[in-house]
Amino acid sequence: MASLNPHFCDRTEDSDQLFRLKAVILGDGTTGKTSLARRFSHSTYGVKYEQTIGIDFFLQQFELSDNTHVTLHVWDIGGQSIGGSMLQTYLQGSDIVLLVYDVTNYNTFANIKDWLSEVKKAFGGNTKAEGYPIVALVANKTDLDYKANIPKEKHLKFAHENSLESCRISAKTNDNVEYCFKWLSSLALHMTPSKYDREEWKGVVKAVLIQEPMVLDRPIVSTEGQRSSVACSLQ
Ligand SMILES: Nc1nc2c(ncn2[C@@H]2O[C@H](COP(=O)(O)OP(=O)(O)OP(=O)(O)O)[C@@H](O)[C@H]2O)c(=O)[nH]1
């Protein structure tokens, strides 16, 4: 029942329910935490790297399903914060923690265990305790999968062994970003999204039409004289 849910914060005139959640993004520097937060909150992306010193805040409101709305407060923590006393404070009251690594940088994956230790420490080491957040292992920069050096199996094994949720995203192309945040929000609210909702969150993958291949200086045609299928490549 919504009224018993600690995240419930308002009911609008037309009986819609509004929930408030806090998501904290952790991970090594340059793994794409700010890019992820910015992509989800502002639908923008920039290639220029600007180091986050301390913390940055983002906000996004969205509809999770009919009549259920979420205000998500996203705390983007600078990659240099590990081991600092403030990190423990930042983690207090979080509903969702995203542990982000860069698929092209093995060290950032190897260091996830240290970030996870920080999360456990902040919640007294008991991952089953009430108030322990939904924690997800997030592989970013999957647009660079062709030069990734962390096998997907390794990602899944680590997630499974540590009872983490799992997302593979690209802040650059927006692949799975909405899905990841909405899926984790659903879990934090103990909701089961419908298949239809989940498909919708996955959105449309950007496809680019490439030039129709030419054979002997003319387009490929089928024997009936119809044009054959057009080739597409995913960016
Ligand atoms: N190819 C690719 N590059 C990305 C992606 N996400 C982020 N980047 C780039 O990686 C660099 C670092 O991104 P940031 O979002 O600033 O990284 P951060 O984790 O917030 O870094 P700190 O502030 O040091 O903690 C930037 O140049 C981004 O453009 C992605 O999905 N794909």
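Hello everyone, and thanks for coming. Please keep in mind that what you see is a predicted model.

Let me begin with the whole chain. There are 235 residues, and buried ones make up 40% of them. The fold includes seven helices and eleven strands. If we take the contacts with a separation of 6 or more, 65% of them are between residues 24 or more positions apart.

Now let's go inside, to strand β2, residues 17–26. How many of its ten residues are buried? Eight of the ten are, so β2 is largely enclosed by the rest of the structure. Let's see what it pairs with. Strand β4, residues 68–77, runs parallel to β2, and nine bridges join the two.

While we are on strands, have a look at Ser65 in strand β3, which covers residues 55–65. Why does Ser65 count as buried? Its relative accessible area is 17%, and the buried class is anything under 20%. Beyond its neighbours within four places in sequence, Ser65 is in contact with Met191 and Asp197.

On to the ligand. There are 23 residues around it, and those that come nearest are Lys33, Ser35, Val47, Tyr49 and Thr52. By type, this shell divides into 13 polar residues, five nonpolar and five charged. Which element gives the largest share of the shell? That is helix α1, residues 33–42, with three residues.

Let's look at some polar atoms here. In the side chain of Lys33, an N or O atom is 2.7 Å from an oxygen atom of the ligand. Tyr49 has a polar side-chain atom 2.5 Å from a ligand oxygen. For Lys141, the distance from a polar side-chain atom to an oxygen of the ligand is 3.1 Å. And how much of the ligand's surface does the protein bury? Taken alone, the ligand exposes 660 Å², and the protein buries 92% of that.

Next, please turn to Lys152 in helix α5, residues 152–161. With a relative accessibility of 44%, Lys152 counts as partly exposed. Leaving out residues up to four places away in sequence, Lys152 touches Asp145 and Arg168. From Lys152 to Gly46 is 106 residues in sequence, and their C-alpha atoms are 26 Å apart.

I'll finish with backbone angles. Most residues other than glycine have a negative phi. Ser163 has a positive one, near 50 degrees. You can find Ser163 in the loop between α5 and β7, and it is exposed, with a relative accessible area of 60%. Asn174 also has a positive phi, of about 75 degrees, although it is not a glycine. Asn174 sits in the loop between β7 and α6, and at 38% relative accessibility it counts as partly exposed.

Note on methods:
Residues numbered from 1 in each chain as written. Predicted model: local features only at pLDDT ≥ 70, side-chain atom pairs only at ≥ 80, totals over all residues. Heavy atoms only, no water. Near = heavy atom within 4 Å. Polar contact = N/O pair within 3.5 Å; in protein donor to acceptor, adjacent residues only side chain to side chain. Areas by Shrake-Rupley, 256 points an atom, 1.4 Å probe, with all protein chains shown as cover. Helix = DSSP H or I, 4+ residues; strand = E, 2+ residues; numbered from the N terminus. Nonpolar A, V, L, I, M, F, W, Y, C, P; charged D, E, K, R; others polar. Buried < 20%, exposed > 50% of the residue type's maximum accessible area, 1.4 Å probe, protein only. Contact = heavy atoms within 4.5 Å. Pairing = 2+ DSSP bridges.
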